[in-house]
Amino acid sequence: MKDDRRGTKDQESGVAPAVGLSMWQANFLLIAAVVGLGIMALPHSIAKIGWFPGIVILGSVFYLNLYTGMLLWRLRMVYPSALTYTHIGWHAMGQTGKRLAQVVTLIQLFMLEATYLLVNAQSLAAVFYEVDLCKPTWGIFMSLLLLPFVQIRTLQNVSALSILSGVMVCLVLILCLVEMALHGRAPGVQTVWVEEDKPFVWFTAISSMVFACGSQFVYLEVMSEMQHVREFPSSMKRAGSFILFAYMSISAAGYWTYGRSISSYIVDVIPNGPLRRVANVFMLIHTMVSYILMSQVLCSTLIKLFNPIKRSLSDGGPMATAADGEDEEGEETPMVDKASNVPPSREDWLIASMVVMLAAYLVANLIPFFEDLTILIGALIGGPISLGLPALFALHSNSQGGLESSPRERRVLYCILGFTLVVMVLGFASGMDSLFHKWDTLGYPFECHCVECTTL
């Protein structure tokens, strides 16, 4: 059996069908995919470590993510039939790579669901700030509000929804900048070039930055929808320039205006009043749309895993004709998800959506602090999915004669793997240290502490 997963000659052109995203549409979609909840914690991350290390580390982590995004594009050009992260994993490392990508991506999506639900509850509470309710109660109300929307089993115009979500975030950031301009820099606020703090604190900041900058699992989806996939680097550079400018601007404005006292959730700089209510309505729209989109993927996957027919089709079982790598004649073929043609029943979808929502609710209340949840996601999941796996897949592809890499680039890839492991270990340890401290000082899971305190 021939060990060549690069697809057919027609596919090697790397050109998608004529109907798809233009380069400018891809620009907006990339901005909408990357600029999300992560930017809300960046000013506080800069404040933890100071101007110089904050700007240098944020810029370095961002450009590392650009580089690994380009790595995925290069792998996509080597394996044109690979349309998703799991496809890249399968082409580069076989079943091991496929399972690695599947597991990490699904954990990332689920943890994002928990984060969206957490912010949904905080935003709903901020919209109705006159009502004094516990955060777990707001979470229940938010879950009941979301449940009917996640029963939509097929979403059309997903690109339009993603862009709407991104626009809402941009409007929130504009309102935060307006508040900072009106507030001005308070007397006595100080900023420093390098903060003198425990080394552990640096890794909480780095983990938050990794969380904010990484959306690699979306890049391949964008590539698969583009009219001309060879234009992806141009789209990535244009979108990246805007994203980096936005990240640096909001981080610098927040730290300069409030110093070390800047909230870990930037929306909290807006005091109670009409402006805060409007900002949180926009944030609520963003997180609701994001939750619904992520729920689509998670519910579909759960049904495939636990529905025997769909699992057989997606895993190449007795009901599949050509899936996961081989056709009837034994030749290797691109991975095909034939289970997607079997529509899930309403009952299956309801059960799956309720399971996802219940699990997300539990996580959001076990870790009811926005900053710590993003730190743990950035360390344990964001690092591997954004940095580690692209580097690992590139090295394996190179060893098989697929992706061309120089000896110098291979050394860089090994350094990225090492950096990922360091962030995973020390970022997780520093995140847990911060979480334990907040449990002791602000309240334990499911306790009725104030909503505003949980964003610290």
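**View 1. Aromatic pairs in the predicted model.** The structure holds nine aromatic pairs, a pair being two rings of Phe, Tyr or Trp (its six-membered ring) whose centres lie within 6.5 Å, with planes under 30 degrees apart counted as stacked, over 60 as edge-to-face and the rest as tilted. Trp51 and Tyr255 form one of them, a tilted pair with 4.8 Å from centre to centre and 55° between the planes. Because Trp51 lies in helix H3 (residues 51-78) and Tyr255 in helix H9 (residues 232-258), this pair ties together parts that are 204 residues apart in sequence. Trp51 counts as buried at 15% relative accessibility, and Tyr255 is buried with a relative accessible area of 0%, where buried means under 20% relative accessible area, exposed over 50% and partly exposed in between (1.4 Å probe, protein chains only). This is a predicted model, in which local features need pLDDT of at least 70 and side-chain atom pairs count only at pLDDT 80 or more, while totals for chains, interfaces and linings use all residues. Residues are numbered from 1 along each chain as its sequence is written, and side-chain values use heavy atoms, with hydrogens and water left out.

**View 2. The aromatic cluster of Phe62, Tyr63 and Tyr247.** These three residues, Phe62, Tyr63 and Tyr247, form one aromatic cluster. Within it, Phe62 and Tyr63 make an edge-to-face pair, with 6.0 Å from centre to centre and 85° between the planes. Phe62 is buried, its relative accessible area being 4%.

**View 3. A nonpolar surface patch.** Trp24, Phe28, Ile163 and Val167 make a nonpolar surface patch of about 400 Å²; such patches are made of residues with over 30% relative accessible area and no salt bridge, with nonpolar side chains (Val, Leu, Ile, Met, Phe, Trp, Tyr) joined within 5 Å and like charges within 9 Å. A salt bridge here is a side-chain nitrogen of Lys or Arg within 4 Å of a carboxyl oxygen of Asp or Glu, and accessible areas come from the Shrake-Rupley method with a 1.4 Å probe, only the protein chains shown counting as cover for residues. Helix H1 (23-34) and helix H6 (158-183) are the elements that give two or more residues to the patch, helices being DSSP runs (H or I, at least four residues) and strands likewise (E, at least two), numbered from the N terminus. Trp24 lies in helix H1 and counts as exposed at 52% relative accessibility.

**View 4. Cysteines Cys170 and Cys176.** Cys170 counts as partly exposed at 27% relative accessibility, whereas Cys176 is buried at 0%. The count of disulfides comes to zero, a disulfide being a pair of cysteine sulfur atoms within 2.5 Å.
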